[in-house]
Amino acid sequence: MEHFAAGYYSQNPKTKIFKNQDAVYVLAFSTIMLNTDAHNPSIKKENKMKKHEFIRNNRGINDGEDIDKQFLESLYDKIQQEEIKMETEGKLFSNAEKKGWLIKQGGRIKTWKKRWFILSDFMLFYCKSPELEPCGIIPLENLEVKSAPDIKKKFCFILSNPNNSEIKATKKNNGALVKGHHKDYIVQAKSAVIMEEWISAINRNIHRNPFYDLVAQKRALGEKKVLKQSPIEDSKLNNDNKKDSTKEKKEVSKKEKRKSFRKSYLTKKSQNLEKSRKTLAELSFDETKRQTL
């Protein structure tokens with residue numbers, strides 16, 4: 001699915017519908033879910049996904065913005081009219097390499113929930129039960145899997161990205177297919193033997209994409225460059241802070257001098273006015289006395 005998203009995005013640059021290949025990736029999964037919902041006879045007609053629900057479920061997947069409404073409406077109508085069918089007949093995941101119950105730890109809320117896991121076509125799917133459609137999909141590209149002895153629970157293994165970045169995965173949230181935010185998946189098996197079987201099977205399905213390694217190397221070089229430059233930048237920053245502090249002190253000193261001068265000036269002016277009033281009063285008194293005499 002990820003290869004399809006990259007191919008479609010690179011081959012249709014002039015459509016201006018998708019802002020990046022992640023939007024193609026999420027909408028492709030959403031379309032598969034719509035196809036299953038629309039043409040599954042076990043789902044009652046009144047419970048099938050409506051057009052406005054399909055549009056609502058795909059809000060904000062285009063780099064935080066919505067995909068063109070007319071495009072989504074047209075896609076919905078086409079899926080309703082014609083089912084997407086696999087070239088091979090048979091039940092979905094009939095050729096899966098491994099299936100079974102495992103217990104998965106949540107991402108943001110660290111609760112443990114029992115899920116039906118399916119390993120197929122270089123991807124790991126998990127469902128609430130074998131009869132239901134997947135509620136999460138993990139592409140096994142550039143990941144690593146190993147046992148997790150540090151976890152308090154027994155027989156746990158961890159699926160993570162060696163670059164310590166988010167795993168490109170999707171999950172269902174309130175009926176909508178959204179991008180996951182896991183940096184790792186912690187899963188518990190029933191026994192040590194089952195754990196080792198899953199680790200071996202997942203390792204056989206992990207495939208490498210050199211593009212991601214190249215990006216990781218560039219990122220690491222960038223971080224080293226920043227670390228080398230950081231002492232100089234810190235020194236410059238400290239000098240700038242000192243200059244700013246000195247300027248502030250000078251400004252404060254000037255303001256205080258102005259206030260002091262103004263206060264002194266007003267005091268002297270007030271004193272002079274008082275003297276003038278006294279002098280005028282004395283002169284007035286003398287003049288009145290002279291006239292009287």
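This is a predicted model: local features need pLDDT of at least 70, side-chain atom pairs count only at pLDDT 80 or more; totals for chains, interfaces and linings use all residues.
K19 sits in the loop between α1 (2-11) and α2, while E65 belongs to the loop between α3 and α4, so the pair ties together parts that are 46 residues apart in sequence.

Are these two residues buried, exposed or partly exposed? K19 has a relative accessibility of 42%, so it counts as partly exposed. E65 is also partly exposed, because its relative accessibility is 41%. As a general point, side chains of opposite charge can pair when their charged atoms come close.

## Other charged pairs to look for

A search of the whole structure turns up six salt bridges. One of them joins the side chains of K168 and D22, at 3.3 Å from N to O. This pair links distant parts of the chain: K168 is in the loop between β6 (156-160) and β7 (170-173), and D22 is in helix α2, 146 residues apart. K168 is partly exposed at 23% relative accessibility, and D22 is partly exposed with a relative accessible area of 22%.

Another salt bridge brings together the side chains of D77 and K51, at 3.1 Å from N to O. Here the partners are in helices: D77 is in α4 and K51 in α3, so the pair ties together parts that are 26 residues apart in sequence. D77 counts as partly exposed at 29% relative accessibility, and K51 is partly exposed with a relative accessible area of 30%.

## The chain as a whole

Now for a wider view. The chain holds six helices and nine strands. Of its 293 residues, 31% are buried. The chain exposes about 21,000 Å², and carbon and sulfur atoms supply 53% of that area.

How much of the contact within the chain comes from residues 24 or more positions apart? Among contacts with a separation of 6 or more, such residues account for 55%.

In soluble globular proteins, nonpolar side chains tend to be buried together. Here, the largest nonpolar core has 28 residues, and L27, F54 and I118 touch the most other members. Elements giving two or more residues to this core are α2 (21-39), α3 (51-57), α4 (69-81), β2 (112-120) and β3 (123-127). Which of them gives the largest share? That is α2, with eight residues.

Leaving aside neighbours within four places in sequence, L27 is in contact with F18, F54, N58, I61, I67, F71, L72 and L75.

Our last stop is N205, found in helix α5 (residues 192-205). Is N205 buried or exposed? The relative accessible area of N205 is 6%, so this residue is buried, the cut-off being under 20%.

What lies around N205? A polar atom of its side chain is 2.9 Å from the backbone oxygen of A201. With neighbours within four places in sequence left aside, N205 is in contact with E97, L119, F122 and L140.

Notes. Residues are numbered from 1 along each chain as its sequence is written. Side-chain values use heavy atoms; hydrogens and water are left out. Helices (H or I, at least four residues) and strands (E, at least two) are DSSP runs, numbered from the N terminus. Buried means under 20% relative accessible area, exposed over 50%, partly exposed in between (1.4 Å probe, protein chains only). Contact means heavy atoms within 4.5 Å. Accessible areas come from the Shrake-Rupley method with a 1.4 Å probe; for residues, only the protein chains shown count as cover. A polar contact is a pair of N or O atoms within 3.5 Å; within protein, one must be able to donate a hydrogen and the other to accept it, and residues adjacent in sequence count only if both atoms are side-chain atoms. A nonpolar core is a set of buried Ala, Val, Leu, Ile, Met, Phe, Trp, Tyr and Cys residues joined through side-chain atoms within 4.5 Å. A salt bridge is a side-chain nitrogen of Lys or Arg within 4 Å of a carboxyl oxygen of Asp or Glu.
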